[in-house]
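This report describes the fold of a single protein chain from its computed geometry. Please consult the sequence and the coordinates alongside the text.

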Amino acid sequence: MDPAPQTHPILSYVLSRIPTLAKPNKAPTTSEFDIEQPPPVHTPSPRTAPSSPSAGEFELVERMPGLRHPSVLRAMTRAVADVSAARAALQVLGPRPDHELVDSSRAIVAAAEAGDARIPEGDAEACRAVVRLEQTHDAYEALLHEAEARLEKVYRSAMEGTDLDDDDEAAAESGKGKAPAAGPEGGDAAVQEEVVAVLKQAEDGKPVESVRLVDRQLRQLPEAFGRILGLRVLDVSRNQLEVIPDAIGGLDHLEELRLAANSLVSLPDTIGLLSKLKILNVSSNRLRALPDSISKCRSLVELDVSYNGLTYLPTNIGYELVNLRKLWIHMNKLRSLPSSVCEMTSLYLLDAHFNELCGLPSAFGKLSSLEILNLSSNFSDLKELPSSFGDLLNLRELDLSNNQIHALPDTFGRLDKLEKLNLEQNPLAMPPEAIVNNGVDAVKEYMSKRWLDILLEEEQRRIAAETPQASSTPKAWLDRSVSWVTGVSGSLVGYLGGNKSDKDAYLDQQF
């Protein structure tokens, strides 16, 4: 699993250039050869000044002047060695198991360990293997994140052309730099005074319903914020927060929490105590997972978790967040959506573009309130839509561009309210390209007629199977056909459109 440039930019940069920095003294044997690395070439030792450096070496040193210093080179080489081992192990392990499978496996393992005799030992062992695989993926991915943080320190020093002292090098190897001196809230003195003023106002019993500390370079949020009992709005977006204190769960009246554009790697479990929370924005952080307790925020109307590193959503998130209207999950690494998402019957907007979705839950059509859906740019992963897709009768805007969809589901023709449709960059065979190029109305008409033809064919087969062979005289056949056509035309009009409309005229013309 190669580090992605989007999530590990420095690491990817270094990995693409590290062969020009240091090479083993002897050529590797067949068993030692790393297929992921370019073939070895002779390069002068970094301790020996080369007489004529190559153009690649010269360009790299120009970009990263700190590479002239041995301490930078040593720290960078060690970091890349760790990552090389990590990604090789991930390739051997194979793809990560689905989150719902992991959850169910953990439940089975827990029941087996509790002495449930109904679970066969073979099934329990298979579930343990799934859990171990998930834990191994977690461990190796954590190593990638640590290496990225470590290289960030090394890279900064390299760009400045300065050597690392012993303390800095040790910090770089551990993935932690020296923390700048600051007060408990972090930031400069003016910001600290602002934070203290807010807390003093709350302690004096004065009402504090809204706190907005946006773009203040805060590095910590004081625990005392969790004791501002009347607080309804807390906005600390665009700061340097890495942790949100558990005390946040004490804000019983909080309705709006904005934590966007920080450096958060996790959210506290106590966030599930915010029973009145309506808006939560944690976009543009470093989150790799959401706490399961977020499902307890049953008043949520808007949830934005875009621009993170999420690989899954909590299994039960849809069963609890039944009031959710808008969900932004784009720019993550989601491979699937939990089936519980289909229970979000109030959902109006769903944006899941730029993920790694391999498909949608089979019951996706239960999202009866959905009007805006963006599934674009899941690229080679998204290849088909479920047949229930046609049940999204209120859908108005749909973006399916930049995927690998070969055919729209037959039920697509039922989407009467669809006004905007983007199907660009898909290898579509159904509907044909000529139809797609004529716009959304042409696609709807084509797929509607196709759906009608399918229904008629199914009805004909059903009647043929139910009709006794003896009564298949020409007159009997004609009587049955006239009766059947009259009944089916009426039922199809009601099924596809309701009241009399242009669609009825089209059906009457067909019959």
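**Overall composition**

The model is predicted. Its chain has 511 residues, of which 43% are buried. Twelve helices and ten strands make up the secondary structure. The accessible surface amounts to about 26,400 Å², and carbon and sulfur atoms account for 53% of that area. Of the contacts between residues at least 6 apart in sequence, 44% link residues at least 24 apart.

**The sheet**

The ten strands form an open sheet with parallel pairing, in the order S1-S2-S3-S4-S5-S6-S7-S8-S9-S10. Strand S1 (210–212) and strand S10 (420–422) each have a single partner strand, so one side of each lacks a neighbour in the sheet. From one strand to the next, the twist averages 5°.

Within this sheet, strand S7 (residues 349–351) runs parallel to strand S8 (residues 372–374), and three bridges join the two. Asp-351 has Asn-374 of S8 as its bridge partner.

**Trp-328 and its surroundings**

Trp-328 lies in strand S6 (residues 326–328). Which residues does Trp-328 contact, leaving aside its neighbours within four places in sequence? They are Glu-302, Leu-303, Asp-304, Val-305, Ser-306, Leu-349 and Asp-351. Asn-374 is 46 residues from Trp-328 along the chain, and the C-alpha atoms of these two residues are separated by 9.6 Å.

| Helix | Residues | Number of residues | Expected span | Distance between end C-alpha atoms |
|---|---|---|---|---|
| H4 | 99–113 | 15 residues | 21 Å | 21 Å |

For H4, the reach from the first C-alpha to the last is close to the expected value.

The buried residues of H4 are His-99, Val-102, Ser-105 and Val-109. Viewed down the axis of H4, these buried residues fall within an arc of 115°, and they therefore line one face of the helix. Gly-115 follows H4 and has a positive phi, near 100°.

In H10, the buried residues include Val-440, Ala-442, Val-443, Lys-444, Met-447, Ser-448 and Trp-451. Leu-452, Ile-454, Leu-455, Leu-456 and Glu-459 of H10 are buried as well.

Terms used:
Residues are numbered from 1 along each chain as its sequence is written. This is a predicted model: local features need pLDDT of at least 70, side-chain atom pairs count only at pLDDT 80 or more; totals for chains, interfaces and linings use all residues. Side-chain values use heavy atoms; hydrogens and water are left out. Helices (H or I, at least four residues) and strands (E, at least two) are DSSP runs, numbered from the N terminus. Buried means under 20% relative accessible area, exposed over 50%, partly exposed in between (1.4 Å probe, protein chains only). Contact means heavy atoms within 4.5 Å. Accessible areas come from the Shrake-Rupley method with a 1.4 Å probe; for residues, only the protein chains shown count as cover. Two strands pair if DSSP finds at least two bridges between them. Axes are lines fitted to C-alpha atoms, for helices over the stretch in contact, and angles run from 0 to 180 degrees between N-to-C directions. The expected span of a helix is 1.5 Å times one less than its number of residues. The arc is that of the directions from the helix axis to the C-beta atoms.
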